Amino acid sequence: MPRTLITSALPYINGIKHLGNMVGSQLPADLHARYLRARGHEVMFICATDEHGTPAEIAAARAGQPVAEYCAEMWQVQKDLADGFRLSFDHFGRSSSPQNRRLTQHFAGRLDKAGLIEERSSRQVYSNADGRFLPDRYVEGTCPNCGYDRARGDQCENCTKQLDPTDLIEPRSAISGSTDLEVRETKHLFLLQSRLRGDLDAWIDRQTDWPVLTTSIAKKWLHDGDGLQDRGITRDLDWGVPVRKGDEPWPGMEGKVFYVWFDAPIEYIAATNEWADANGGDWERWWRTDKGADDVRYVQFMGKDNVPFHTLSFPATILGSGEPWKTVDYLKSFNYLNYDGGQFSTSQGRGVFMDQALEVLPADYWRWWLLSHVPESSDTEFTWEAFQTDVNKDLADVLGNFVSRVTKFCRSKFGEEVPAGGAWGPRETALAETLAIRLANYERHMDAIEIRKSAAELRSIWVAGNEYLQEAAPWATFKTDLETAAMQIRLGLNLVRLYAVLSAPFVPDAAATMLTAMRVEGADWPTDMAEALGALPAGHAFDVPDVMFAKITDERRADWAERFAGTRG
RNA sequence: GGCGGUGUAGCUCAGUUGGUUAGAGCAGCGGAAUCAUAAUCCGCGUGUCCGGGGUUCAAGUCCCUGCACCGCCA
C-alpha cells in the first residue's frame with residue numbers, strides 16, 4: 001500500500017487564524033489527505049500549533065495568563081476550529097510537547113557534534129522592568145533618520161530605514177513602555193548554515209518537479225548577496241525548549257531557549273511521535289529511512305512566506321544531523337488570498353476568521369469556495385459577491401439541486417426505493433464513457449495536487465448528471481415508457497452515490513449526507529464506471545435528504561460584507 | 001533602497017517547451033424544458049493578452065524599456 005506523509009505549516013498559537021492562513025496550508029493539505037485515503041493510501045496527516053516565542057508570551061501577558069496556560073487554551077480553540085472545518089489530521093500536536101523538546105535538543109546535539117554550531121557573543125537590549133532581553137522589534141523609540149516617534153528597533157516603519165535598536169533616540173520597551181533599558185552582552189548559538197550551502201544547493205537541484213515558486217525562493221536565498229547566512233538558533237526567553245546538547249547540559253547556555261524557528265519544524269516529527277505515544281503506533285517508520293520510511297512520500301503544504309524555512313533552515317537541521325531522516329519529497333506552496341481589494345490582516349482584524357466563518361455558514365461552503373479558488377499560481381481575490389454567486393451556483397444549483405430533483409422525482413413516481421426495470425441504451429453508455437474520462441482527469445489533477453483544475457473537473461462531473469437528466473427527461477419518458485424511466489432514475493440515484501464518493505475530499509459533510517440518504521456505508525473509490533453506476537441495485541431503499549445547500553441571499557451577503565469590512569469584534 | 005511577483009473578456013482566473021480562428025466558470029442576451037432549492041440544459045464573446053521597442057517565418061508566451069499594483073527584506 002502506498003504511504004504518504006502530509007504536513008501542513010503550523011499555525012502560530014497567538015490567536016485565531018483567518019481564511020487566508022487556512023487556504024494556503026491546512027485546507028489543501030486536508031484535501032490531499034482525504035483524497036489519498038480514499039484511493040487506498042496509508043496516510044499520516046500531521047499538523048500542530050507553533051507555540052514558542054515572544055509573540056506568544058506577549059499575547060499571554062495581554063490575556064493576563066501564564067503563557068503555558070494561554071497556549072493550552074488556544075490550542076484547544078484551534079483544535080476545535082480545525083474539527084469544525086473537518087480538517088482530518090491524524091494528529092494535531094503542540095510544539096511545546098515533551099516529544100518536541102527531546103527531539104529539538106537531540107538535533108541540536110547532533111549538529112554540535114557535526115561541528116555545525118558555534119557560540120557567538122552579541123550585544124542586546126535588556127529591559128530591567130520587564131526582566132528580559134528584548135528582540136529588536138520590541139524596542140521602540142524615535143527614529144534618528146526621520147524623527148518618527150514609534151520606530152521599531154529593526155526598522156522605522158515611517159521612513160523604512162533599517163535600524164539597530166541602539167540607534168533609537170529615547171528607546172523604550174514595546175512590552176511595558178519602560179525606558180529602563182540597558183545593553184548587555186549575551187551569548188548565542190549559531191547554526192552554520194553557510195557550510196551546508198553546497199549540500200542544500202544539490203538537494204534543491206534534485207527537486208526538478210517542484211513548483212517554480214518554491215525552488216526560485218530557495219535559490220534566491222542560497223545565492224543572492226553573500227548567500228546563505230548562519231543563523232542564531234537561541235534566544236533569551238523563558239518560553240521555549242531549554243538549550244541542551246541532547247541529554248547533556250550546554251555550559252554557558254543556561255536559561256536560554258531555542259529560537260522558535262529552530263524547534264517549530266522539528267514538531268512535524270515530534271507530532272508524529274506524539275501520535276504514536278497516544279495511539280500506540282510506530283512513528284519512526286514515517287520519518288527514519290533506516291527504519292522503514294524509505295517508501296514514504298512526504299508532501300508539505302505552506303504559504304509562500306514559509307518556503308525559505310522549509311527549503312533551507314529545516315533541511316539544514318535534518319541534513320546537518322547526519323542521521324537518516326526523511327526529507328520532503330514535494331513541497332506545495334501557495335500565494336496569498338486577498339480580501340475585497342486588500343489583504344487579510346490579523347492585526348487589523350480585516351477579513352473573515354475561522355471562527356466567524358463557521359458562525360455564518362457550514363464548513364462545506366468555505367471548503368468548496370476556498371479550494372476551488374485556492375491561490376496556486378498567483379494571488380487570488382475573495383469578494384462576497386463572487387463567493388455568493390459561485391457557491392449558490394456550484395453547490396446549491398448544480399450539485400444540491402441534482403440530488404433533490406432525482407430523489408424527489410423518484411419518491412413521487414416510484415417510491416423511496418431504487419426502481420427496477422429497463423436496460424441501458426446508447427445515452428447511458430455514452431454517459432459512463434464521459435464520466436470515466438472525466439474521472440481520469442480528476443484523478444490526474446488530484447494526484448498532481450492541481451487543486452483548481454481538480455475542482456473544475458469535479459464540477460464538470462456534477463454538470464454531466466444534469467445534462468443527462470435533461471436529455472433523458474425521465475419525467476417525459478415516464479408517461480410513455482415506465483421501464484425506461486425507471487432505468488433512467490436508477491442511474492440518477494447511482495450518480496448521487498458516485499458524487500458522494502468523488503466529492504468527499506472537497507465537501508465531506510455533504511458527501512456524508514448523500515451517502516446516508518442513499519443508505520450506503522463506506523463506498524469505495526470507483527475503478528470501473530459502469531460497475532460504479534450500478535452499485536445501488538433495484539429495490540434498494542433510500543431517503544430524500546433535506547436541502548443540502550441553502551442559498552445565500554443578497555441580504556445575508558450584504559450583512560456579512562459590512563460585518564467583516566473592518567475590525568473584529 | 002534591494003529583491004521578487006503580478007498586469008489576458010464586465011468579474012475571478014487558465015493559457016504546457018513561442019506555432020493553426022486566445023480559453024473556462026460566473027455575470028449578460030436568446031432559446032428549450034418543467035422532475036427539482038425560480039433550480040436545469042442548449043446557443044451566443046473582434047478581448048489595443050498594461051504601454052513602447054526588439055528577436056523570430058511565427059510572441060499573450062523570449063529580450064529590453066516604461067507604467068501600475070502587490071509582496072518580502074530573516
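A search of the whole structure, which is a predicted model, finds 32 salt bridges, where a salt bridge is a side-chain nitrogen of Lys or Arg within 4 Å of a carboxyl oxygen of Asp or Glu. Helices (H or I, at least four residues) and strands (E, at least two) are DSSP runs, numbered from the N terminus.

Next comes the domain layout. Chain A is assigned domain 1 (3-111 + 261-334) and domain 2 (382-532), with bounds taken from an automatic or database domain assignment. Their centres, taken over C-alpha atoms, are separated by 36 Å. The contact (heavy atoms within 4.5 Å) draws 13 residues from domain 1 and 12 residues from domain 2.

How much area do domain 1 and domain 2 bury between them? The value is about 1,200 Å², 68% of it on carbon and sulfur atoms; buried area is the accessible area (1.4 Å probe) that two parts lose on being put together, summed over both. On the side of domain 1, Leu-31, Tyr-35 and Arg-39 lose the most area to domain 2, and together they make up 47% of what that side buries.

Across this interface the rule finds two salt bridges. It also finds four residue pairs in polar contact, both residues at pLDDT 80 or more. A polar contact is a pair of N or O atoms within 3.5 Å; within protein, one must be able to donate a hydrogen and the other to accept it, and residues adjacent in sequence count only if both atoms are side-chain atoms. The elements giving two or more residues to the side of domain 1 that touches domain 2 are α2 (26-38), β15 (296-303) and β16 (330-334), and α2 gives the most, with six residues.

Finally, confidence: pLDDT is the predictor's confidence in each residue, from 0 to 100. Its mean for chain A is 90, and 96% of the residues reach 70 or more. Local features need pLDDT of at least 70, and side-chain atom pairs count only at pLDDT 80 or more.

Conventions:
Residues numbered from 1 in each chain as written. Chains lettered and ligands numbered in written order. Heavy atoms only, no water.
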